[in-house]
Amino acid sequence: MSAAALAVVVVVVFLLALYLLQRYGDLRRQQRMVLLGTLLSWYLCFLIVFILPLDVSTTIYKQCILDNANQPTPVNQARHTYQTDNKSSVNPTVSIPKVCEEPWSYIPDGILPVFWRVVYWTSQFLTWLLLPFMQSYARSGAFSRVGRIKTALIENAIYYGTYLLIFISLLIYVAAHPQWQLSWRELQTIGITAANTWGLFLLVLLLGYGLVEIPRSYWLLSSYDYLLAKTYFKAAKMATEKASAEENLADVMEEVAGVHESIRYNHGLRKCVDTIIAKCPAEYQEELRRNTERSRGEQNVLPTNGVLFKLHKKVISAVQRQGQSQVQWSILLEQAFHLEDVAKSQSSPLRHFTHSFPSEQHHGWIRRFIYTPTVEWYWECVCRQGFYRLLAVLLCLLSAAVVWSECTFFSTHPVLSLFAVFVQMAEKHYNYICIEMACFVSILFLCVCVYSTVFRIRVFNYYYLVPHHQTDAYSLQFSGMLFCRLTPPLCLNFLGLIHMDSAISHQDRIQTSYTSIMGSMRVLYFISDGFYIYYPMLVLLLCFATYYSLGSRCLNLLGFHQYITDDHLTSDLVDEGREHIRRERRKRQKTEDGENRRWAWRDRYGAQGAAGWSRAGYTEINDDQSSPFPEIKNSVITFRSDGEEEDEQHRSLLRDNYSDEGSPNRRSTGGRYLSLSPSRAGIFDDV
């Protein structure tokens with residue numbers, strides 16, 4: 001049963017990591033090495049989280065066997081004495097030890113230590129050596145592998161030098177004490193301690209934010225008014241970011257067009273230019289192909305290799321940012337429309353949920369037979385608020401237990417840590433299932449608080465995890481680095497909370513297999529007896545700061561707008577976002593009305609007549625949306641039966657209108673892209 005449990009956990013964790021990678025990354029377009037490195041780092045970290053409870057239950061079973069073996073009177077002798085002298089009770093002081101029951105998930109000796117060494121050292125190799133190098137490699141603007149490798153080595157020289165300086169400092173500290181003999185095992189312990197110290201420093205910061213923000217976010221999810229106002233706020237910010245991304249992409253494309261015309265096809269740098277053009281959007285590539293035969297009146301200065309490298313890097317970043325803004329804007333519109341539909345359904349006397357813009361997913365068999373409009377109405381308008389508030393209360397109690405245990409886990413007499421109390425109570429009754437469930441729920445909640453903060457943080461568009469396959473390679477690898485650095489100290493902190501880490505609890509107990517690979521933390525007393533015990537208490541101050549939104553207020557003062565309910569700027573952005581949503585709703589409604597009229601026209605007059613009409617006829621239908629069908633028909637017939645002069649004017653007008661909407665390389669003052677006129681002498685002369 002133990003081998004089956006371990007195999008099931010390994011497979012389930014792999015599927016979980018693969019699902020998250022598929023949700024945030026693009027499995028088709030991104031580089032295979034980037035996807036493989038990210039998947040491996042996430043997979044190893046999740047393995048540590050899911051298998052650590054099995055290690056705890058196995059260690060408790062071994063401790064039970066050791067305690068029974070150290071009894072002064074053997075078990076068989078005690079049973080013999082009790083049976084031969086049942087009446088006189090010759091040896092009443094001898095207690096019969098309880099037979100230790102083997103846990104259902106018991107893992108034999110020798111498996112877990114090897115497993116933890118492989119998992120831990122592989123994750124450390126990824127986070128400290130491979131992933132930083134791959135980050136610089138994927139972000140480099142070089143056109144060859146050798147150039148990317150060279151750029152990555154130069155960028156990581158300072159990075160690796162900083163870690164080497166920290167390790168040398170700790171090594172000098174240990175060497176200054178002559179009673180310590182430096183061996184390879186102690187050198188490993190120093191390196192592990194340095195890595196865990198760095199991870200614990202960041203872990204407490206993220207944990208203090210997640211312990212407050214996660215329960216509060218679920219409590220606020222029950223209020224549709226709050227969600228709608230915050231969605232309007234996000235819409236105002238996203239509209240600005242979307243316009244900025246489009247403007248930045250257009251500026252970069254202008255530089256690409258200039259380089260495209262400067263470097264001819266017989267030049268040695270033409271391959272680099274073709275590589276840059278291949279990274280551009282399809283509409284820009286088509287526009288550049290249309291202008292390949294045209295020559296400029298004046299010759300531009302030929303760019304150097306360094307200029308092309310920077311331009312290549314700018315193109316990759318601009319295209320990625322513009323794609324992210326487009327996808328996020330679409331998702332935000334769907335959320336806003338849904339919340340507005342919920343507000344209308346709540347005030348409607350009909351217990352039937354109605355969508356303003358039904359999509360394809362609303363016509364599936366689940367929506368038709370299970371999640372019907374009536375069921376959706378009861379969930380959205382009746383049950384959802386109570387469910388999220390109950391969940392928020394439970395998460396709040398878990399957060400309070402974590403904060404209390406973080407501040408008192410060093411006390412072993414009496415035991416004040418709530419997690420240690422739960423585990424020890426289950427240990428007395430040898431209830432291994434309860435031990436594993438308590439450990440799994442506790443460590444999973446800690447991981448959710450930390451990992452969700454990693455997925456939420458955003459560093460100036462430099463690091464940002466975006467769902468729906470829009471996360472860039474740099475952000476994916478950076479998240480893998482953070483996971484590999486945060487998971488080992490998080491697990492050590494959890495073992496300290498349940499008093500199974502002797503370096504902190506100072507108890508004479510069998511160590512878990514996971515703790516054994518960390519070595520003796522007592523090599524550095526000021527870390528094991530000081531930093532590891534007192535620094536986690538700062539989580540209480542961070543929780544207070546998060547509760548009063550001190551970080552958001554500071555960012556708001558620095559110009560990074562955050563949603564604060566009592567702020568005037570927030571209210572202005574909410575009003576602005578509401579106008580954006582209304583404009584998009586009118587635009588989408590207008591598009592759907594046009595489509596409905598077009599289908600009604602085809603149903604009324606048949607496919608034969610619709611196929612015989614020209615594009616101009618459909619253009620007249622779209623423009624004149626308020627006219628009835630007979631008038632549209634007459635206008636189309638009149639348009640086709642007029643003289644050649646009027647027909648030519650209409651065709652010219654349609655050509656101008658079409659070119660305004662289809663070409664990406666010219667921009668008017670209103671922010672629209674205008675096509676290039678064939679009579680112009682060069683490309684982008686109007687900019």
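Author: Before we look inside, one term is needed: a nonpolar core is a set of buried Ala, Val, Leu, Ile, Met, Phe, Trp, Tyr and Cys residues joined through side-chain atoms within 4.5 Å. Please also keep in mind that this is a predicted model.

Reader: Okay, which residues touch the most other members of the largest nonpolar core?

Author: Those are W42, W116, L211, I498 and Y514, in a core that counts 89 residues. Helix 2, which covers residues 32–69, is the largest contributor to this core, giving 17 residues. Apart from it lies another core of 25 residues, including A229 and F233.

Reader: And what is W116 in contact with, leaving aside its neighbours within four places in sequence?

Author: W116 is in contact with I48, I51, L52 and D55, and also with S513, Y514 and I517.

Reader: Switching topic, where does UniProt put the transmembrane regions?

Author: The unreviewed UniProt entry places that feature at several stretches, among them residues 33–52 and 533–550. In the model, residues 33–52 are 100% helix, with end C-alpha atoms 29 Å apart, whereas residues 533–550 are 67% helix and 0% strand, with their end C-alpha atoms 26 Å apart.

Reader: How many helices and strands are there in the protein chain?

Author: The protein chain has 24 helices and two strands, and of its 687 residues, 43% are buried.

How values were computed. Residues numbered from 1 in each chain as written. Predicted model: local features only at pLDDT ≥ 70, side-chain atom pairs only at ≥ 80, totals over all residues. Heavy atoms only, no water. UniProt positions renumbered as here; feature names shortened; annotations may be inferred. Helix = DSSP H or I, 4+ residues; strand = E, 2+ residues; numbered from the N terminus. Buried < 20%, exposed > 50% of the residue type's maximum accessible area, 1.4 Å probe, protein only. Contact = heavy atoms within 4.5 Å.
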